Amino acid sequence: MRSLMPYILVLAWLSVPVGLVCIVDDWLLRPRRAPGAPDSPLMRALYAVLPVLIGGGVLKLLVAERLDFSAVLLAITVVTGLVWAFDTLVLLPQRRAAARAAGRDPATLPEPGTVDYARSFFPVALVVLVLRAFVFEPFRIPSDSMMPTLLDGDFIIVNKYAYGLRLPVLNRKILATGEPQRGDVVVFRYPVDPSVNFIKRLVGLPGDHVEVRDNRITVNGQPVPMRVDGKFNDGCYVNMSQAEEQLGAHTHQAIFCPVALDRSPSLPACNRSGVRGYVCGDDDAPGYLRTVPWSGEVPAGHYLMMGDNRDNSDDGRSWGFVPEENLVGKATRIWFNWDWNRSGGPLWGRIGSAIN
């Protein structure tokens, strides 16, 4: 898939000018042609490739990480609705009047292709917008920070009403339906760059004092229950310590590296391209990198988020706390998995897995 991205990007960019040319021809030039006159070879070609270009634009939207998809859906809904309404109220009566004046049956008039697209897309876009804004939203895991709970390439479902209903684009809460709980896996808008969505585990609630020392979490003076129960090895991460941790009502797995011995550009058993190897040692191994202690108090109206991959997570320990208004929803279930950088295709066994 990654090798196809340059071509998908070209298709996405071409869809805009080709779409505009088709709209101008469909609305302004076609009605002036003689009845039954065929389209020019160029226009026939443009009409034929337009669905392919639109498909490329949709794919580009699905994989984009710096795009407000709700804003795009809202724009599509508004534009297609206006096109359909304008044709119904203005252009269609004019076409019918012109047909009757020419002695033709108005019922035999072909509907402009762009209007047909708008009439078809509007209800679909409206339903998807409502579902995505208020019910569920798909999200693709873009990094290793939540391993082993979530893998790069997991496609997940986010419960949008878990923490309150919000208006799309404006992100303003209009109805309180629940509060975040310690241990939830949360999707939120990155405080440093709100155009990017992040996913982490909620560790600290407003007012909590949190300490992280030697990969162990302490909340308000109480150590979070953690039991190291083995090693994690997937060929790219070697000899990681794996532990069962309980945060609130959530019991989950976390991985960490007591001592980082080596970071290599590639490891023979790693089946992912572009991933730096991570080789760990035990607590008593001599190494060049050990975990730096962290502590802080969560401000009112904010939350502390951390990754389950404790030593390979860009989280609240480095950039601070997440304001309540940045919350997007609660991650609930994996519906697909495909890491473009990993050989072997999708991991079918992950489909349908609940996120704890």
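This is a predicted model: local features need pLDDT of at least 70, side-chain atom pairs count only at pLDDT 80 or more; totals for chains, interfaces and linings use all residues.
**Strands, disulfides, a bent helix and aromatic pairs**

In strand β16, which runs through residues 294–297, Trp-294 and Gly-296 make up a covered face, whereas Ser-295 and Glu-297 make up an uncovered one. Strand β16 pairs with strand β7 (residues 209–213) in the antiparallel sense, over 4 bridges, and Val-212 stands opposite Trp-294 of β16.

The structure holds 2 disulfides. One of them joins Cys-236 to Cys-270, with an S to S distance of 1.9 Å, and because the torsion about the S-S bond of these two residues is about 85 degrees, this disulfide is right-handed. The pair links distant parts of the chain, since Cys-236 lies in the loop between β10 (226–232) and β11 (237–238) while Cys-270 lies in the loop between β14 (259–262) and β15 (278–281), 34 residues apart. Cys-236 counts as buried at 1% relative accessibility, and Cys-270, with a relative accessible area of 16%, is buried as well.

Another disulfide joins Cys-257 to Cys-280, with an S to S distance of 2.1 Å, and with -135 degrees about the S-S bond this link is left-handed. Here too the pair links distant parts of the chain, with Cys-257 in the loop between β13 (250–256) and β14 and Cys-280 in strand β15, 23 residues apart. Cys-257 is buried, with a relative accessible area of 3%, and Cys-280 counts as buried at 4% relative accessibility. When the bonded cysteines of the chain are numbered in sequence order, the pairing is 1-3, 2-4.

Helix α3 comprises 33 residues (residues 69–101), which at 1.5 Å a residue should span 48 Å, and the 46 Å between its end C-alpha atoms agrees with that expectation. The helix bends by about 45 degrees at Asp-87, a residue that is itself buried, and other buried residues of α3 include Phe-69, Leu-73, Thr-80, Leu-91 and Ala-99. Following α3 is Gly-103, whose phi is positive, near 80 degrees.

A search of the whole structure finds 16 aromatic pairs. In one of these, the rings of Tyr-190 and Phe-198 have their centres 4.1 Å apart and their planes at 5 degrees, so the pair is stacked; Tyr-190 and Phe-198 are both buried. Elsewhere, ring pairs link Phe-155, Trp-335, Phe-336, Trp-338, Trp-340 and Trp-348 into a cluster.

Notes
Residues are numbered from 1 along each chain as its sequence is written. Side-chain values use heavy atoms; hydrogens and water are left out. Helices (H or I, at least four residues) and strands (E, at least two) are DSSP runs, numbered from the N terminus. The expected span of a helix is 1.5 Å times one less than its number of residues. The bend at a residue is the angle between axes fitted to the seven residues ending there and the seven starting there. Buried means under 20% relative accessible area, exposed over 50%, partly exposed in between (1.4 Å probe, protein chains only). Rings of Phe, Tyr and Trp (its six-membered ring) pair if their centres lie within 6.5 Å; planes under 30 degrees apart count as stacked, over 60 as edge-to-face and the rest as tilted. Two strands pair if DSSP finds at least two bridges between them. A disulfide is a pair of cysteine sulfur atoms within 2.5 Å.
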